[in-house]
Amino acid sequence: MSDSALKDLNIVPLSEGKITKAGLQKGNDCNAISANNTLPLNDKEALSNGSEAVSIDVEYIESEKLTEIEDVDSCMMTLMMRLESKDWVTICEALNNVRQISLFHKEKLLEQLSAVIQLVVKSLKNPRSAVCKTAIMTCSDIFKGYGDIVVESLDPLLVQLFLKSSQDKKFVCEAAEAALISMTNWVSPSLLLPKLEPYLKNRNPRVRAKACMCFSRSVPRLGLEGIKLYGIDKLIRVAATQLSDQLPESREAARTLALELQGFYSQFDDESLPVQLEPNSESKTNSWEEFCHAKLSRLSAQAILRVTTTQKESLVASC
């Protein structure tokens, strides 16, 4: 491989024929891809130049290791072109630049964010594991950097992240899980929950499971007033439906959601209770049991009450 080719790839030779990327340090070329103390890929990708093949140890940069881009305007000029490149190394470099811009220069990407997300989705589908995982890590930083701004472009990202978080490659799966957690942390639940609801009915049980886990994580962030506005009766129906789902991940997330809702319900005052008692009722407030029977079918109410009552009894017994 010629010296000019190595320069173009922004790589430096190591012993035993291996090559690695130059570190991402403040002021470095915006095309740098990797840094020290990052997580190495399980396998190695290869570049070929005629009869000669050279291994590349791909390294991933954790968010806290990313640094600012010194000449962000120059980087932006070629960003879209590099994201669409046919060279996987160039794509990874560009994705890492998107991460840097999202965290340190986010105003620079606002006008192009939708188009950039479309190209990130394309990279999520890339069969090359290095590109796929770097794209997943890019999603995490986009969620952190832009929060609610990404909501309108969220659907294609959701599909891919749900699928990647349930595949067999552990390092890809873990990165996708982290991206979904980042999403639930940085996107407002009032905007995110309506986006998640359709995936709770997806034909793919793994997609349903991941969607339910995200849904369950997001609901507590609504807070008491947010749950009142969203509708606790609507939320308890989601929990009841997922309790009978195919995969244990869905059922566990539904149990967690039911317990969270029971806790919030106990904080409702009389005027905000979603079920009003008959005037001649001797009770002054609705019980959780009455609420479940009023809003759910008999079997669904029994399933929810079985979960919440058993858990409550277990807590009392452990005291």
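1. Accessible areas here come from the Shrake-Rupley method with a 1.4 Å probe, and for residues only the protein chains shown count as cover. On that basis, the chain has an accessible surface of about 16100 Å², and 49% of it belongs to carbon and sulfur atoms.

2. A word on the ground rules before you explore. This is a predicted model, in which local features need pLDDT of at least 70 and side-chain atom pairs count only at pLDDT 80 or more, while totals for chains, interfaces and linings use all residues. Residues are numbered from 1 along each chain as its sequence is written, and side-chain values use heavy atoms, with hydrogens and water left out.

3. Now the overall picture. You will find 14 helices and 6 strands in the chain; helices (H or I, at least four residues) and strands (E, at least two) are DSSP runs, numbered from the N terminus. Of the 319 residues in the chain, 48% are buried. Buried means under 20% relative accessible area, exposed means over 50%, and partly exposed lies in between (1.4 Å probe, protein chains only). Among contacts (heavy atoms within 4.5 Å) in the chain between residues at least 6 apart in sequence, 64% join residues at least 24 apart.

4. Which residues does Val121 touch, not counting those up to four places away in sequence? They are Pro156, Leu157 and Gln160. Val121 sits in helix H4 (residues 113-124) and is buried, with a relative accessible area of 8%. The C-alpha atoms of Val121 and Leu158 are 9.5 Å apart, although 37 residues separate the two along the chain.

5. How many disulfides does the structure hold? The count is 0, where a disulfide is a pair of cysteine sulfur atoms within 2.5 Å. Take Cys139: the closest cysteine sulfur, in Cys132, is 9.3 Å from its own sulfur, so the distance is too far for a bond. Cys139 is buried at 1% relative accessibility, and Cys75 is buried as well, at 0%.

6. Finally, have a look at a helix pair. Helix H8 (residues 189-196) packs against helix H9 (residues 205-218) at an angle of about 160 degrees, with their axes 10 Å apart. Pro189, Leu192, Leu193 and Leu196 of H8 make the contact with Ala211, Cys214, Phe215 and Ser218 of H9. Axes are lines fitted to C-alpha atoms, for helices over the stretch in contact, and angles run from 0 to 180 degrees between N-to-C directions. Angles under 35 degrees count as roughly parallel, over 145 as roughly antiparallel, 65 to 115 as roughly perpendicular and the rest as oblique; H8 and H9 are therefore roughly antiparallel.
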